[in-house]
Amino acid sequence: RWYKTGENTPNHVCLLIHNCSDCYYDCKTLLKRRSDMRYNLFISHSWNYNDAYDNLVSLLDAKPYFEYKNYSVPKNDPIHNAPNDYQLKEAIRKQMQPVNCVLILAGVYSTYSKWINIEIDLAKSMGKKIIAIEPWGSEKTSVVVKHAADKIVKWNTDSIVKAIRGH
């Protein structure tokens, strides 16, 4: 929270949702400061449900004042050419190493995906924060993903970004 200057007892709190002439720092400057951090993300997803992954990336890309680097393994990534499961798992571990958190689409299909479950195990073993995202309009979601998650959010840009930022 940012307070008006020259006051021992703050009489004004800027909530960063408007331009306020009473604020010492204008709201846009504060939002810019909040965006100075770039978040490193790994988005775990099923390649059979690539539309959900693409839609999530579009949501994050469209969020103003939110900068991130995507460390995910999309379907066309050459990592898939690993000669065996062990080497693929190690390649994914290496890919996941620098991330702040792991986002997992919590559709029911995630429960039965061998690789999403391996990515959950990898994230847990590395102490990565896991955020489960319930797909838009879904009635059923993955209990496995939700039990592994540190935070569960709905398909909403603001709630997803808030969870990533740790608020």
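Tyrosine 68 is buried, with a relative accessible area of 15%; buried here means under 20% relative accessible area, exposed over 50% and partly exposed in between, using a 1.4 Å probe and protein chains only. The model is predicted, so local features need pLDDT of at least 70 and side-chain atom pairs count only at pLDDT 80 or more, whereas totals for chains, interfaces and linings use all residues. Residues are numbered from 1 along each chain as its sequence is written, and side-chain values use heavy atoms, with hydrogens and water left out.

Tyrosine 68 belongs to an aromatic cluster together with Tyr39 and Phe66. Rings of Phe, Tyr and Trp (its six-membered ring) pair if their centres lie within 6.5 Å; planes under 30 degrees apart count as stacked, over 60 as edge-to-face and the rest as tilted. By this criterion the whole structure holds 2 aromatic pairs. In one, the ring centres of tyrosine 39 and phenylalanine 66 are 5.6 Å apart and the planes meet at 15°, so the pair is stacked. This pair links distant parts of the chain, 27 residues apart: tyrosine 39 lies in strand 3, and phenylalanine 66 in the loop between helix 2 (50-62) and strand 4. Both tyrosine 39 and phenylalanine 66 are buried. The rings of phenylalanine 66 and tyrosine 68 are likewise stacked, because their centres are 5.8 Å apart and their planes stand at 25°.

The strands named here are part of an open sheet of 5 strands, ordered 4-3-5-6-7, with parallel pairing. Strand 4 (67-70) and strand 7 (151-153) stand at the edges with a single partner strand each, so one side of each has no neighbour in the sheet. On average, neighbouring strands are turned by 30° against each other, direction ignored. Helices (H or I, at least four residues) and strands (E, at least two) are DSSP runs numbered from the N terminus, and two strands pair if DSSP finds at least two bridges between them.

Strand 6 is in turn joined to strand 7 by 3 bridges, with isoleucine 131 opposite lysine 151. Strand 6 is mostly covered, 4 of its 5 residues being buried.

A nonpolar core is a set of buried Ala, Val, Leu, Ile, Met, Phe, Trp, Tyr and Cys residues joined through side-chain atoms within 4.5 Å. The largest one has 23 residues, of which Phe42, Ile92, Met96, Val102, Ile104 and Ile120 touch the most other members. Helix 3 (85-96), strand 5 (101-105), helix 4 (114-125), strand 6 (129-133) and helix 5 (143-148) each supply at least two residues of this core, and helix 4 gives the largest share, 6 residues. Apart from this core lies another, of 20 residues, among them Ile43, Phe66, Leu103 and Ile160.

Glutamate 134 occupies the loop between strand 6 and helix 5. At 10% relative accessibility, glutamate 134 counts as buried. Its side chain makes a polar contact with the side chain of lysine 154 at 2.7 Å; such a contact is a pair of N or O atoms within 3.5 Å, and within protein one must be able to donate a hydrogen and the other to accept it, while residues adjacent in sequence count only if both atoms are side-chain atoms.

Technical notes: Axes fitted to C-alpha atoms, helices over the stretch in contact; angles between N-to-C directions.
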